[in-house]
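Reader: I would like to learn how to read a model like this one. Can we start with the whole chain and then turn to a single residue?

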Amino acid sequence: MTPQEPSRRAMEPETLTVNGLFVGMPAPLGDGPRRVLSAIRKEPVAADVLELGETGLEGDRQADLSVHGGPDKAVYMYPAAHYAYWTSQGYDLEPGGVGENASVTGQDEWTVRIGDIWAWGEARVQVSQPRSPCHKFALRAGRKEAVAQMISSGLCGWYLRVLRPGRVPSGGVLRLLARDGAAPTVRELFTTSFARDYDPGLLLHMVSGPALADQWRAGVLTRLQRTGTD
């Protein structure tokens with residue numbers, strides 16, 4: 001079963017708790033002809049604090065910057081509660097297992113909105129887009145259907161851009177500084193972007209906000225153009 005939408009939004013705490021940080025360097029992933037270079041395998045951070053720069057955490061790198069990493073994908077956050085779903089589906093995954101940099105609690109895709117600005121230690125960060133799963137996630141998970149299951153479940157997590165670099169704790173709380181209540185939640189944008197049946201006008205409106213990463217917007221606009229509904 002996938003998590004259900006919380007029923008009492010007025011009671012939401014405007015904080016996000018980091019339970020652990022994970023970083024990694026590019027390394028071979030998969031076997032034979034499917035073998036690729038990837039940094040999806042992350043290791044827990046032992047230090048109490050890390051430097052967060054404009055393109056990511058100290059000690060973290062990406063293998064293919066055309067699709068991973070960069071200023072709009074500096075940090076990948078994933079709710080720890082989602083691992084119950086992956087376990088229920090027979091996956092051997094635990095926090096850090098989907099390639100996230102931060103395992104978090106207190107907020108999820110139903111509550112976090114595109115453009116949210118958070119205070120994290122000395123840094124200031126902004127939600128830039130949902131995570132779009134690729135074949136490297138399937139290789140990491142060990143099952144080709146993993147990508148489809150992340151899409152159907154909507155348990156994608158989200159990326160942050162760094163508005164102000166600084167030292168961030170490997171545990172503790174992020175505090176919400178600014179939110180546009182009219183912006184789509186991460187889940188709304190993710191599920192609508194991948195839906196077979198969708199309202200083109202609604203989707204176009206969702207990607208019109210300036211805080212959304214250009215790469216996600218471009219992908220949606222390309223889809224709309226191909227279907228003749230832009």
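Reader: What percentage of the 230 residues of the protein chain count as buried?

Author: First, a caution: this is a predicted model. Buried means under 20% relative accessible area. By that cut-off, 47% of the 230 residues are buried.

Reader: How many helices and strands does the protein chain have?

Author: Six helices and 13 strands. The radius of gyration is 17 Å, close to the 17 Å from the globule rule for 230 residues, so the chain is as compact as a globular protein of that length. Its C-alpha atoms fill a box of roughly 50 × 45 × 35 Å along the principal axes.

Reader: Which share of the contacts with a separation of 6 or more joins residues 24 or more positions apart?

Author: Such pairs account for 75% of those contacts.

Reader: Now one residue. Is Lys42 buried or exposed?

Author: Compare its accessibility with the 20% cut-off. Lys42 has 12% relative accessibility, so it counts as buried. Lys42 sits in the loop between β3 (36–38) and β4 (43–44).

Reader: Which residues is Lys42 in contact with, beyond its neighbours within four places in sequence?

Author: Among them are Phe22, Val23, Asp60, Arg61, Glu100 and Asn101.

Conventions:
Residues are numbered from 1 along each chain as its sequence is written. This is a predicted model: local features need pLDDT of at least 70, side-chain atom pairs count only at pLDDT 80 or more; totals for chains, interfaces and linings use all residues. Side-chain values use heavy atoms; hydrogens and water are left out. Helices (H or I, at least four residues) and strands (E, at least two) are DSSP runs, numbered from the N terminus. The radius of gyration is taken over C-alpha atoms; the globule rule is 2.2 Å times the number of residues to the power 0.38. Buried means under 20% relative accessible area, exposed over 50%, partly exposed in between (1.4 Å probe, protein chains only). Contact means heavy atoms within 4.5 Å.
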